[in-house]
Amino acid sequence: MPIKVLMFGWELPPCNSGGLGTACYGLSQALANQNVDITFVLPQRVNVKADFMRLVFADIQGFNWPDFSPYASFKYLPKNFPPEMARDLFSAVNLYAKRAADIAKKYNYDIIHSHDWLCFPAGIVAQQVSSKPLVTHVHATEFDRGGGQGINPMVYAVEKMGMDKSEAIMPVSNFTKNIILKHYQIDSAKINVVHNGINPEEYVNQIDESNPLDALKKAGYKIVLFLGRLTMQKGPDYFLKAAARSLEYYPKTVFLVVGSGDMENQMINLAVQLGISDKVLFAGFLRGQMLNQAFRAADLFVMPSVSEPFGMTALESVATGTPAIISKQSGVSETLGHVLKADFWDVDEMTNQIVSVLNYPSLHKSLKENGKEESKNVSWQAAASKTINVYKKVLGRKKK
Amino acid sequence: MSAICLYFQVHQPYRIKKYRVFDIGNDHNYFDSPDGSRLSNKDVLQKVARKSYLPTNQVILELLKKHPEFKVAYSLSGVVMEQLEEYAPDALASFQELVATGRVELLSETYYHSLSYIFSKDEFKAQVKLHSQMIKRLFKKIPKVFRNTELIYKNELGQDLEAMGYEGILAEGADHVLEWRSPNFIYKPVGTQNIGLMLKNYRLSDDIAFRFSNPGWTEFPLTAPKFARWVSAFNGSGDIINLFMDYETFGEHQWEDTGIFEFLRHLPQELLRHRDNYFVTPSQALKKLPKVAELNFPNFVSWADVERDISAWLGNSMQDDAAAKLYALESAVLKSRDQKLISDWRRLTTSDHFYYMCTKWFSDGDVHKYFNPYDSPYEAFIAYANVLQDVKLRLEKLHKTK
């Protein structure tokens, strides 16, 4: 008998604003592949294709993707919403939980699996309605999103309640597990780390017939890529500071910034202040083909996150064959050895590493080849196997 | 009758400090990591002296006093002798005390424990000469038997060493070379007349060096009587058992609490309990025992890893790049007559730098990781490549001022 899971998510690609949707999709697909029956709930009807699982939409009103991105900070939320509809992220989360009661009654499942605080109330409601066990997946905590600038106590309270009420917690890294242990007072026996992954077969034989960045490369420029939301958490300011330092030693470099966010104007101003605005390209938010082209064109990817529960982009970069410098304050650094690592604040060390990769082709080649090979082991299939073990443990089923 | 030859390798490199792009052109001190750093050569040497060299030398000295038949051989690299003089003169004195007994033979090697034989025979010969001069100065001896860095060996080296006047050479008793033959005889390198080839019995040697404290090993725990039985079992089917290993096996790779010192303390008496066993030094073995056959080593063989080849030091693109760039500077550096520059360049020839860049087993976290003071092979390469850039700049500057 396959295990039947009622899963609460917030977003799925292509209607996603970041790693949460990508991770939910990759994990669900691999779980389905390993014979898990998934009923996947989303807050609102969106055009998503995922025929390996049953999609259910909670149809909450007023919910307007992408206004309620899981990364949105409250002050930027739209204001003029009718009162009976979701006015802000919190009311959307509460409406989602309300709808979860009917959904929980309607479907047949053994276990409930909720992704991040946005879905924790929905999971808790389903748990109360059905008396089925709840497991929670932690892709990020409020301590990551705050980037060291303080937390929202309401979000923290929801996170803590979800973790307290669940029978098992799956953080995406030991890095995140340690945050949970430190700040949420959870019994470590309940915590099972499940690292994110990729589908290695998606990275075979990727060739661009033409790439918009070819012209730069033909002109002899090296391309160093930053890819992520322009928020405190992702450390774009450290990237630009390292860029300015690196340009002193390797002038023929373009620093490509992909992503948008509340620090966008601040970053453009910083590039001007540092006197490197002619060497920094702000490409905005990219997805799909253009995103892949950015990965492939780049000579080096830099992820200077201040606090990164996992860091999918680094894994994607390495799988693409683009060497990566990753922050030591990241979960992905637990899974990759064939990358360069630096503390996010260590602009000097990051500069040393950037210039070295650009200067020494043999270093670039070794990182590229070994990293790509190593990334194959960090797969969604491996993550799914660990997740199934957690389900079995919770359901009291013994492994054969 | 079975001879037993114990030879211990004593070596510590000059590790390169975290040398960054900003240092190029500004800082010419490549090896002076601050105290407390994993790359501090002084710290490492003093720790190894305290944990391994001093206590092991003490045991060996007791054994030499207790058993008049006991003999042992060492090879000390030039760079370890240099560091002993500077950082642990008491440990150097204890080696001198051992040699003064007359029953301790010192072997010859390249001063810098380098891969120079592979890249430059001139540099190789120069480093061998430097090493002999150091041995003469510190120990008043002239070594007659050679061991190359990490037992790297092939036929041509045997021929070259014969021409240089050596009596013998040590090599790994690798299965793929020996095939059906036994490592427990003296052989003759292909194309030579008089020089002898002594092969490491890697099973027995590695039982001590690698497996001694491994609880997962079926023979754990290893005791001196048990080991002596294994050695004695070869009586009648071999002339000599060569037990070659790193000296740091005692106290550093195998910690004191594993019982390694007690094992060593009891080993000679257990071996001598069997009347056919006797100890020899390499020179004595080569004089006494016949060369049973010619042995063909067409390619480089070493004592490292399961491959027993040179892929721990060379073969990945960083290692090959670093070595090519290093030896491309050889003639310009030597012509400069700048003694500090020459010494710095030569310290960069030490094989350990290339070992640190090895990516073969990096993610598995095995011995390579254990022996790597850098966080990754990539960090090791970055420091090395940056230093080479600085050496190049120093050369360019010298040319301008001339």
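Student: What makes chain B a two-domain chain here?
Tutor: The domain assignment of chain B gives domain 1 (2–295) and domain 2 (317–401). The bounds come from an automatic or database assignment. The model itself is predicted.

Student: How far apart are domain 1 and domain 2 of chain B, by their C-alpha centres?
Tutor: Those centres lie 25 Å apart.

Student: How many residues of each domain of chain B are in contact?
Tutor: In domain 1 of chain B, 38 residues touch 35 residues of domain 2 of chain B. Contact here means heavy atoms within 4.5 Å.

Student: What area is buried between the two domains of chain B?
Tutor: About 2,900 Å², with carbon and sulfur atoms giving 58%. B:Ile16, B:Tyr30 and B:Tyr112 supply 21% of the area that domain 1 of chain B buries against domain 2 of chain B, more than any other three residues.

Student: Why is the pair B:Glu379 and B:Lys18 called a salt bridge?
Tutor: The closest N and O atoms are 3.4 Å apart. The cut-off is 4 Å, so the pair qualifies.

Student: How many salt bridges does the rule find across the interface of domain 1 and domain 2 of chain B?
Tutor: Four.

Student: Why is B:Tyr370 called partly exposed?
Tutor: Its relative accessible area is 48%. Buried means under 20% and exposed over 50%, so B:Tyr370 falls in between.

Student: Where does B:Tyr370 sit in chain B?
Tutor: In helix 16, residues 367–370.

Student: Which residues form a nonpolar surface patch with B:Tyr370?
Tutor: B:Trp255 and B:Phe371. Together the three have about 330 Å² of accessible area. Patch residues need over 30% relative accessible area, so B:Tyr370 at 48% passes that cut-off.

Terms used. Residues are numbered from 1 along each chain as its sequence is written. Chains are lettered from A and ligands numbered from 1 in the order in which they are written. This is a predicted model: local features need pLDDT of at least 70, side-chain atom pairs count only at pLDDT 80 or more; totals for chains, interfaces and linings use all residues. Side-chain values use heavy atoms; hydrogens and water are left out. Patches are made of residues with over 30% relative accessible area and no salt bridge: like charges are joined within 9 Å, nonpolar side chains (Val, Leu, Ile, Met, Phe, Trp, Tyr) within 5 Å. Accessible areas come from the Shrake-Rupley method with a 1.4 Å probe; for residues, only the protein chains shown count as cover. A salt bridge is a side-chain nitrogen of Lys or Arg within 4 Å of a carboxyl oxygen of Asp or Glu. Helices (H or I, at least four residues) and strands (E, at least two) are DSSP runs, numbered from the N terminus. Buried means under 20% relative accessible area, exposed over 50%, partly exposed in between (1.4 Å probe, protein chains only). Buried area is the accessible area (1.4 Å probe) that two parts lose on being put together, summed over both.
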